[in-house]
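Hello,

Here is the structure I promised to pass on. Please open it first, then read my notes below.

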Amino acid sequence: MPERPYTLLSCSVSIDGYLGDQTPRLALSNAADFDRVDEVRASCDAIMVGAVTVRTDNPRLLVRSEARREERTSRGLPSTPMKITVTDRADLDARSNFFTTGEAEKLVYTSSPRVADARARLGPVATIVDGGRRVRMRRLGEDLAARGVERFMVEGGGIVHTQFLADDLVDELQLVVAPFFVGDSSAPRFVSDGRFPWNARRRARLAETRQIGDVVLLRYALSPRFRDE
Ligand SMILES: NC(=O)c1ccc[n+]([C@@H]2O[C@H](COP(=O)([O-])OP(=O)(O)OC[C@H]3O[C@@H](n4cnc5c(N)ncnc54)[C@H](OP(=O)(O)O)[C@@H]3O)[C@@H](O)[C@H]2O)c1
């Protein structure tokens with residue numbers, strides 16, 4: 001069985017555990033933490049977000065720092081990591097920043113019945129990958145490993161987080177807590193309902209806490225492969 005990449009899940013949440021509110025791109029973090037995330041991105045081979053995040057936030061998912069981009073190209077890598085998304089509806093705009101920015105490859109995983117539709121809509125701007133009857137994150141990780149991805153960053157949203165965490169596919173969790181509440185139960189949460197490997201009887205290992213201005217970074221080691229870098 002192909003190995004999956006080292007998988008790092010990174011996100012920021014409000015004190016009450018929300019990923020955002022009803023507006024796009026709620027800034028939960030601060031400038032210093034955005035720069036830290038940029039450094040983590042620069043160290044990865046691929047970055048993934050779910051289709052709702054592509055639609056609502058229109059993220060570019062690039063490495064912002066020129067020095068970090070140059071450092072990558074000096075190592076023979078594209079200046080920013082490969083971009084990955086997953087969708088069933090395939091209702092994504094080919095003009096969105098996900099597809100139009102960055103020279104690295106963009107991969108769209110979808111279920112077998114949706115492949116033709118996804119290729120018709122997004123074929124010119126991305127590689128459409130047949131994820132099987134239903135896209136499973138374990139298989140997606142194995143496919144990425146087969147494409148040479150060794151270090152993989154998952155950046156949301158909650159539906160995607162839930163599948164990676166519940167299937168025990170995350171080696172490292174980087175959770176940033178912002179100093180405010182969202183207070184709206186219809187807003188997206190860090191994760192939705194699920195059976196997670198860590199519970200009251202099996203606690204996750206907290207590897208580091210770091211204050212970054214007014215936010216705090218919590219780093220959890222979720223597998224024996226955790227690398228304290
Ligand atoms: N604070 C942070 O760090 C952060 C980071 C990222 C996102 N966010 C926020 O999170 C929110 C979005 O999160 P979300 O949980 O609603 O959605 P999401 O995880 O971004 O995307 C979910 C979508 O991905 C596709 N998908 C997921 N698993 C799939 C599977 N196994 N097979 C096929 N398709 C699959 C489906 O797309 P289709 O609907 O196209 O079929 C699904 O509706 C946004 O408000 C965004 O701002 C916050």
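Arg41 and Glu155 join their side chains in a salt bridge, 2.7 Å from N to O (a side-chain nitrogen of Lys or Arg within 4 Å of a carboxyl oxygen of Asp or Glu). Arg41 sits in helix α1 (residues 31-42) and Glu155 in the loop between β6 (151-154) and α7, so the pair ties together parts 114 residues apart in sequence. Helices (H or I, at least four residues) and strands (E, at least two) are DSSP runs, numbered from the N terminus. Both Arg41 and Glu155 are buried (under 20% relative accessible area; exposed is over 50%, partly exposed in between; 1.4 Å probe, protein chains only).

Before you go on: this is a predicted model, where local features need pLDDT of at least 70, side-chain atom pairs need pLDDT 80 or more, and totals for chains, interfaces and linings use all residues. Residues are numbered from 1 along each chain as its sequence is written, and side-chain values use heavy atoms, without hydrogens and water.

The whole structure has 20 salt bridges. One of them pairs Arg225 with Glu3, at 3.4 Å from N to O. Arg225 follows β9 (215-221), Glu3 precedes β1, and they are 222 residues apart. Arg225 is partly exposed, because its relative accessibility is 29%. Glu3 is exposed, at 53%.

Best wishes
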